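Dear colleague,

Please read them alongside the coordinates.

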Amino acid sequence: MRRPVALRLLAALATAAVGIAVGGTLSTPQASAAAGTATGYATQNGGTAGGAGGQTVRASTGTAIHAALCGRASSSTPITIEVTGTINHGNTSKVSGSSCNTADGVIELKQISNVTIIGVGSGAIFDQLGIHIRDSSNIIIQNVTVRNVKKSGSPTSNGGDAIGMESTVRNVWVDHVTLEASGGESEGYDGLFDMKDNTQYVTLSYSILRNSGRGGLIGSSESDLSNGFITFHHNLYENIDSRTPLLRGGIAHIYNNHYVSLHESGINSRAGARAKVENNYFRNSKDVLGTFYTNERGYWQVSGNTFDNVTWSSAGSENYPAGPNPTSNTTVSIPYAYRLDGASCVPDVVRQTAGANTGLRVSDGSCSPQTPPPTTAAPTTAPPTTAPPTTAPPTTPPPTSGTNLSLGAGADGSSKASGTSYGNVRDGDISTYWSPAGSTGSISIKWGSATRVSRVVIREPSGTQGSIGSWQLVNHDTGAVLASGSGAGAITFSATALSKITFRITSSSGAPRVGEFETYAS
C-alpha cells in the first residue's frame with residue numbers, strides 16, 4: 001500500500017454513521033435461511049447452490065462451525081450453517097474429522113464442497129477472524145460481517161484477508177456481507193476480498209467493502225493468470241486506497257457498484273485482463289479505471305458509468321488511466337442474463353441493499369429494492385422454475401467434465417489469420433477465436449509441466465459450426481497421434497501425461513475457427 005488509510009478513518013466512520021441513520025428506516029427482516037439464488041458467474045460451471053438439500057445447523061462459535069463441517073458424512077455432504085453472535089479467536093479452535101480440514105484462528109473451508117454459511121438472528125460478526133476458502137467448490141457466504149482481520153500485529157488471521165480464496169476454488173457466491181478494516185498495510189491489514197491460484201466462477205453481490213488500503217485482488221502476481229470469471233454487482237466500495245479490484249488476467253463483469261473515496265486507484269485491469277464495466281457510479285475518487293503500477297496492460301469495455309468528481313492522473317510508465325474520457329478497448333461477452341439499474345440511481349439502491357443485516361434486499365433492475373421471498377425446506381435452492389441452469393448458454397459453454405485445464409495454460413500454433421490470437425482458444429470466451437492463415441493449420445495448449453489429459457472439447461464460434469473438416473489430435477511431446485476424425489466436438493482418448501497437445505486441422509470448408517480448445521483430465 002502506498003498511503004495509510006488510518007488518517008481518513010474517523011471521517012469515513014462519521015459518514016458511515018450518517019448512512020446507517022438514513023438506512024434505518026428500511027425494513028430488515030431476520031434472515032433464517034439463504035434467500036434468493038446465485039447471480040453472475042457463480043451461476044456458470046454447473047451453478048452455485050451451497051448446502052441446498054442438506055442438513056441445517058446453528059452455530060454461535062467458530063469451533064461449532066468447524067464441528068458442523070467435521071460432523072458430515074463426507075467432505076461433500078451438503079450443509080447449511082446458520083451463524084449467530086460474534087465469532088473470534090477465543091471461540092474458534094481446530095476440529096478434526098474425515099470430512100474437514102480446519103485450523104485454529106480462522107474459519108477454514110478447505111478441501112470441501114456444498115456448504116452455505118449464513119448469518120441469522122441479530123447478526124453474525126467474524127471479529128478479527130478471516131474466512132479462508134481453499135481447494136473447495138460450491139460455497140455460499142451470506143449476511144455476515146467480517147472485520148479487522150490482520151496479517152501483522154495481534155491477533156493475525158487468514159493472511160490479513162477478510163475473505164480469501166486460493167488453490168483451485170470453483171463456484172463461490174458471497175452475498176450481502178460487510179467486509180471492513182481499520183486501516184491499510186502499515187496498520188497490519190491486507191485485502192478484503194482476495195482470489196488467487198486458480199479461483200474461478202465467483203460472484204460478490206450486495207456487499208460493503210470499506211476503510212481499507214486494499215479492496216481485493218484477482219491473481220497474486222503477473223504470472224498468476226489462472227483466475228477469472230468473476231462478477232461484482234451492487235457493492236459499495238468506500239474509503240479504499242486501491243484494488244477495487246486489481247485484476248490480473250481473466251475476465252470480470254463489474255456493474256451497478258457504487259465507489260466512494262477511492263484515494264489512489266480503483267479498477268486495475270492488467271496483465272491481459274478484460275473487464276466489462278457498466279452502469280457504475282464513481283464519486284469523489286481518483287483514477288477509478290485503468291492499468292496501474294505495471295507496464296503489463298489490461299483491457300476494459302465501458303458503458304453507462306457516471307463519473308462524479310473523479311480526477312485522473314497523467315499517463316506515463318506503469319500508469320495508464322482510462323480517463324478522463326474512458327472508452328472501450330476490448331469487448332467481453334457475458335454468458336448469463338442480468339438486469340441493469342441506471343447508474344444515476346445506483347447510490348440509492350446500493351445504500352438500501354448492500355451489506356449484512358439489510359434484509360437481503362435486492363434490485364429488480366428498475367431502481368426499486370425488493371425483499372426476496374422466504375424459502376422453505378431447502379433454503380438455498382430456488383423453485384425448479386427459477387433454478388440456475390446446470391449448463392451455460394451455447395455461446396459460452398462450461399466445462400463438460402471437471403476442470404477445464406486450458407484456462408490459465410499457454411497456447412501457440414501455426415500461422416494465424418489476421419485479427420485472431422492463439423490465446424483466444426483458452427480464455428473461456430467462445431466469441432473470440434483462433435483461425436489458421438489458410439484452410440489448414442494447428443493450435444496447441446501447453447503447460448509448464450506434464451499434465452494428465454484424456455478428453456478434449458473443440459468448440460467453434462456461433463455461426464461457423466461445420467467449417468472444421470478432418471483433424472488429428474497429437475501428443476506434441478512425442479509426435480504420437482492420440483485421436484483422429486472430422487468435425488468439432490468432444491474427443492476422448494487414453495489418459496496421457498504431456499506438456500503440450502496439438503489439434504491439427506488437415507481439411508476444412510471455408511476458414512476454420514476454433515473458439516475454445518478445452519482439455520480435461522477425465
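Leaving aside residues up to four places away in sequence, Ser 285 touches Tyr 259, Val 260, Ser 261, Leu 262, Asn 309, Val 310 and Thr 311, where a contact means heavy atoms within 4.5 Å. This is a predicted model, in which local features need pLDDT of at least 70 and side-chain atom pairs count only at pLDDT 80 or more, while totals for chains, interfaces and linings use all residues. Residues are numbered from 1 along each chain as its sequence is written, and side-chain values use heavy atoms, with hydrogens and water left out.

Ser 285 belongs to strand S22, residues 281-286 (strands are DSSP runs of E, at least two residues, and helices are runs of H or I, at least four residues, both numbered from the N terminus). With a relative accessible area of 4%, Ser 285 is buried; buried means under 20% relative accessible area, exposed over 50%, and partly exposed in between, using a 1.4 Å probe and protein chains only. Its side chain reaches the backbone nitrogen of Leu 262 at 3.0 Å, and a polar atom of the Ser 285 side chain lies 2.8 Å from the backbone oxygen of Arg 283. The C-alpha atom of Ser 285 is separated by 9.8 Å from that of Glu 238, which is 47 residues away along the chain.

Turning to the cysteines, a disulfide is taken as a pair of cysteine sulfur atoms within 2.5 Å, and by this rule there are two disulfides. With the bonded cysteines numbered in sequence order, the pairing is 1-2, 3-4.

Cys 70 is joined to Cys 100, with an S to S distance of 1.9 Å. Because Cys 70 lies in helix H2 (residues 62-70) and Cys 100 in the loop between strand S2 (79-87) and strand S3 (107-110), this pair ties together parts that are 30 residues apart in sequence. The link is right-handed, with 100° about the S-S bond, and both Cys 70 and Cys 100 are buried.

The other disulfide joins Cys 345 to Cys 367, S to S 1.9 Å. Cys 345 sits in the loop between strand S26 (319-321) and helix H3 (346-353), and Cys 367 in the loop between strand S27 (362-363) and strand S28 (369-370), so that the pair links distant parts of the chain, 22 residues apart. The link of Cys 345 and Cys 367 is left-handed, with -65° about the S-S bond. Cys 345 counts as buried at 14% relative accessibility, whereas Cys 367, at 30% relative accessible area, is partly exposed.

Terms used
Polar contact = N/O pair within 3.5 Å; in protein donor to acceptor, adjacent residues only side chain to side chain.
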